[in-house]
Amino acid sequence: MTNSPSTVDLLIVGGGMVGSALACAMAEAGFEVTVIDVREPARSWPEDEVDLRVSALTRASQRILENLQAWPRMAEMRVSPYDKMEVWDAGGNGRIHFSAAEIGEMDLGHIVENRVTQLALWERLESYSNVQLRFPERISNLLLGESPEVVLQSGERLTAKLVVAADGRDSEIRHLAGIDTRGWEYDQHAIVATITPHRFHDNTARQRFMSSGPLALLPIDDGRCSIVWSTSPTHGESLMSLDDAGFCQELTQASEAVLGSIQAIGPRGLFPLRLEHAETYIQPGLALIGDAAHAMHPLAGQGVNLGLMDAMTLADVLTEAGAAGRSIGSMATLRRYERARKGANIAMLGAMDGFKRLFSNEVPPLRLIRNLGLNLADRSGFVKHQIMRRAMGMVGDRPRLAR
């Protein structure tokens with residue numbers, strides 16, 4: 001796998017879900033692609049083990065993965081559909097229910113382990129003769145311009161018509177390119193784990209908003225739930241220090257025992273939360289996608305969905321440019337991608353930040369307004385339908401493979 005050509009059309013740094021999806025789309029379009037990653041994805045794991053990192057994939061993301069022919073393999077491993085969702089406020093009586101049946105859909109989305117999505121895409125990449133997978137490799141330098149070049153730690157140089165940074169929130173490529181970010185720490189950490197509740201989750205995703213942060217209970221098809229519990233760093237460390245029985249008791253109380261008592265919990269992880277947005281997504285010969293371009297609060301689980309939309313929008317722009325004989329690394333080409341995605345991403349980051357601040361605020365008038373808003377929206381069929389369709393990625397302009 002290390003005998004790739006030294007010059008390719010597209011050099012993608014980061015072979016996670018978003019980078020691999022872009023590589024599949026571009027390979028299918030006939031481009032020569034090299035994917036560089038620091039590690040190979042996990043190939044196997046115990047059947048009863050659920051990955052700590054899961055994503056709530058929207059209908060638009062499902063369409064992308066179906067069109068990339070990765071979804072059937074994902075379904076062989078595990079995808080967990082949910083057809084209902086409940087959101088409620090710990091600081092009042094505000095509550096809203098969503099049901100796929102209300103809009104004539106089979107489900108609202110799927111909870112999928114990140115490693116499942118990545119492995120399915122990686123296996124697709126291995127089937128293309130015009131894709132080279134380079135791992136384990138690290139980048140030591142980046143030279144941008146008409147023929148961008150990356151220097152590997154081994155000293156080897158690779159050139160491409162376009163370098164794409166898909167290397168995550170702490171993107172090394174973004175750093176080497178000198179692209180600054182704006183944002184802030186949330187003074188919150190997220191605890192992730194897989195739990196076994198006393199009652200069946202009924203294929204319902206649940207989220208309770210507390211002043212310290214939201215708690216999400218995401219259904220897994222075998223009856224367990226993946227949790228994302230956002231709270232203060234001090235409280236998070238305290239919860240992590242508890243034994244399993246103590247943590248289960250705290251979680252039962254925090255969830256208002258909506259699924260009865262929590263019976264068991266698997267390994268726990270703790271992650272700091274922050275909002276971050278790159279000042280630019282592009283430079284000559286370089287494009288940023290996914291978490292390399294933007295990172296947000298996980299309260300709505302939209303991070304990977306935005307990243308996949310970035311990747312497929314960039315794929316459309318590059319395919320059209322290639323067909324027209326235009327340079328895929330030129331600013332004229334790349335500005336089309338940035339214009340299409342930057343505004344949408346800023347709007348989503350702002351919305352999630354606003355929700356986080358609104359629901360963690362205990363000022364009585366704001367608490368009254370948000371509870372009233374939840375209850376009014378719950379009684380308005382039109383509003384609920386629009387929220388569901390937008391959350392599922394079924395409205396607005398969509399890239400070709402998301403339709």
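# Exercises on a predicted structure

A search of the whole structure turns up 30 salt bridges, a salt bridge being a side-chain nitrogen of Lys or Arg within 4 Å of a carboxyl oxygen of Asp or Glu. This is a predicted model, where local features need pLDDT of at least 70 and side-chain atom pairs count only at pLDDT 80 or more, while totals for chains, interfaces and linings use all residues. Residues are numbered from 1 along each chain as its sequence is written, and side-chain values use heavy atoms, with hydrogens and water left out.

## Exercise 1: salt bridges

**Task.** Work out where arginine 63 and glutamate 66 sit relative to each other in helix 2.

**Solution.** 
- Start with the contact: the two side chains, arginine 63 and glutamate 66, meet in a salt bridge at 3.3 Å, N to O.
- Now the helix. Helices (H or I, at least four residues) and strands (E, at least two) are DSSP runs, numbered from the N terminus.
- Arginine 63 and glutamate 66 are three residues apart in helix 2 (residues 59-67), so about one helical turn separates them.
- Here's the background: an α-helix has 3.6 residues a turn, so residues three or four places apart point the same way.
- Last, check the surroundings. Buried means under 20% relative accessible area, exposed over 50%, and partly exposed in between (1.4 Å probe, protein chains only).
- Arginine 63, at 30%, is partly exposed, and glutamate 66, at 32%, is partly exposed too.

**Task.** Are arginine 134 and glutamate 137 buried or exposed?

**Solution.** 
- Find the pair: arginine 134 and glutamate 137 form a salt bridge, with their closest N and O atoms 3.2 Å apart.
- Arginine 134 has 1% relative accessibility, so it counts as buried.
- Glutamate 137 has a relative accessible area of 13%, so it is buried as well.

**Task.** Say which parts of the chain arginine 268 and aspartate 244 tie together.

**Solution.** 
- First, the bridge: the side chains of arginine 268 and aspartate 244 meet at 2.9 Å, N to O.
- Next, the places: arginine 268 lies in the loop between strand 16 (262-265) and strand 17 (269-278), and aspartate 244 lies in helix 7 (residues 244-254), so the pair ties together parts that are 24 residues apart in sequence.

## Exercise 2: the nonpolar cores

**Task.** Which residues touch the most other members of the largest nonpolar core?

**Solution.** 
- Set the rule: a nonpolar core is a set of buried Ala, Val, Leu, Ile, Met, Phe, Trp, Tyr and Cys residues joined through side-chain atoms within 4.5 Å.
- The largest core has 75 residues, and Leu10, Leu22 and Met74 touch the most other members.
- Its largest share, ten residues, comes from helix 8 (residues 303-323).
- Zoom in on leucine 10: leaving out residues up to four places away in sequence, leucine 10 touches residues including Leu22, Met26, Leu318 and Ile328. Contact here means heavy atoms within 4.5 Å.

## Exercise 3: strands

**Task.** In what order do the three strands of the open sheet stand?

**Solution.** 
- The order is 3-7-4, with antiparallel pairing. Two strands pair if DSSP finds at least two bridges between them.
- Strand 3 (54-57) and strand 4 (80-82) stand at the edges with a single partner strand each, so one side of each has no neighbour in the sheet.
- Strand 4 and strand 7 (residues 109-113) pair over three bridges, and tyrosine 82 stands opposite glycine 109 in strand 7.
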